[in-house]
Amino acid sequence: MARPPKQRCICSLPQVTGFTPQGCAADGTVELTYDEYEVIRLLDHMQMTQEQCAQRMGISRPTVTRIYDEARRKMADMLVGGRNLHIVGGDVYICPAPRPECAGEEHCCHRNKDRSRGWRE
């Protein structure tokens with residue numbers, strides 16, 4: 001019997017929730033979950049290690065690796081296949097309180113309380 005998935009902590013909802021291909025009609029849609037987006041943001045944009053990312057999201061490092069691999073597969077499918085990208089859903093929650101490691105971070109949920117207040121999916 002599989003273990004139930006653990007909720008993942010994200011810093012905030014993405015400001016941009018989708019992309020569409022230019023130069024051709026979209027051939028379907030790829031859905032990237034909020035936790036996949038957060039892993040891409042932390043590893044590639046913030047240049048954190050997988051260990052730092054795991055600690056920030058409250059999950060294990062192997063889970064970060066699995067999420068990252070799936071997110072990269074979806075992004076490649078979107079780019080190569082000319083598909084729309086939608087960033088939606090997932091078993092996540094927005095961090096409940098400011099943390100020292102978030103000081104000065106552009107995407108911290110506590111910088112924009114109105115967007116994150118009361119949200120939970």
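Reader: Which residues are buried in helix α2 (residues 50-57)?

Author: Cys53, Ala54, Arg56 and Met57 are buried in α2. Buried means under 20% relative accessible area, exposed over 50%, and partly exposed in between (1.4 Å probe, protein chains only). Helices (H or I, at least four residues) and strands (E, at least two) are DSSP runs, numbered from the N terminus.

Reader: Before we go on, what sort of model is this, and how are residues numbered?

Author: This is a predicted model, in which local features need pLDDT of at least 70 and side-chain atom pairs count only at pLDDT 80 or more, while totals for chains, interfaces and linings use all residues. Residues are numbered from 1 along each chain as its sequence is written, and side-chain values use heavy atoms, with hydrogens and water left out.

Reader: Back to α2. Which residues are buried there, and why do they count as being on the same side?

Author: They are Cys53, Ala54, Arg56 and Met57. They cover an arc of only 165° around the axis, so they sit on the same side of α2. The arc is that of the directions from the helix axis to the C-beta atoms.

Reader: What is on the other side of α2?

Author: Glu51 and Gln55, which are exposed.

Reader: And what do the buried residues of α2 pack against?

Author: They pack against β1 (8-10), α1 and α3. A contact here means heavy atoms within 4.5 Å.

Reader: What follows α2?

Author: Glycine 58, with a positive phi near 75°.

Reader: Different topic. How many salt bridges are there in the whole structure?

Author: A search finds five. The criterion is a side-chain nitrogen of Lys or Arg within 4 Å of a carboxyl oxygen of Asp or Glu.

Reader: What does glutamate 36 pair with?

Author: Glutamate 36 forms a salt bridge with lysine 74, and their closest N and O atoms are 3.0 Å apart. This pair links distant parts of the chain, with glutamate 36 in helix α1 (residues 34-45) and lysine 74 in helix α3 (residues 61-81), 38 residues apart.

Reader: Are those two buried or exposed?

Author: Glutamate 36 and lysine 74 are both buried.

Reader: What about arginine 41?

Author: Its side chain meets that of glutamate 38 in a salt bridge, at 3.0 Å from N to O. Both residues lie in helix α1, three residues apart, about one turn of the helix. Arginine 41 counts as buried because its relative accessibility is 5%, and glutamate 38 counts as buried because its value is 1%.

Reader: Where does glutamate 70 come in?

Author: Glutamate 70 and arginine 73 meet through their side chains in a salt bridge of 2.6 Å, N to O. They are three residues apart in helix α3, so about one helical turn separates them.

Reader: Are they buried or partly exposed?

Author: Glutamate 70 is partly exposed, with a relative accessible area of 29%. Arginine 73 counts as partly exposed too, at 45% relative accessibility.

Reader: Now the strands. Which residues of β3 are on the covered face?

Author: In β3 (residues 29-32), Val30 and Leu32 form the covered face, while Thr29 and Glu31 form the uncovered one. In a regular strand the side chains alternate between the two faces of the sheet.

Reader: What does β3 pair with?

Author: Strand β4 (residues 84-87), in the parallel sense, over four bridges. Two strands pair if DSSP finds at least two bridges between them. Valine 30 stands opposite leucine 85 in β4.

Reader: And the order of elements overall?

Author: From the N terminus on, the elements run β-β-β-α-α-α-β-β-α. Of the 121 residues of the chain, 38% count as buried.
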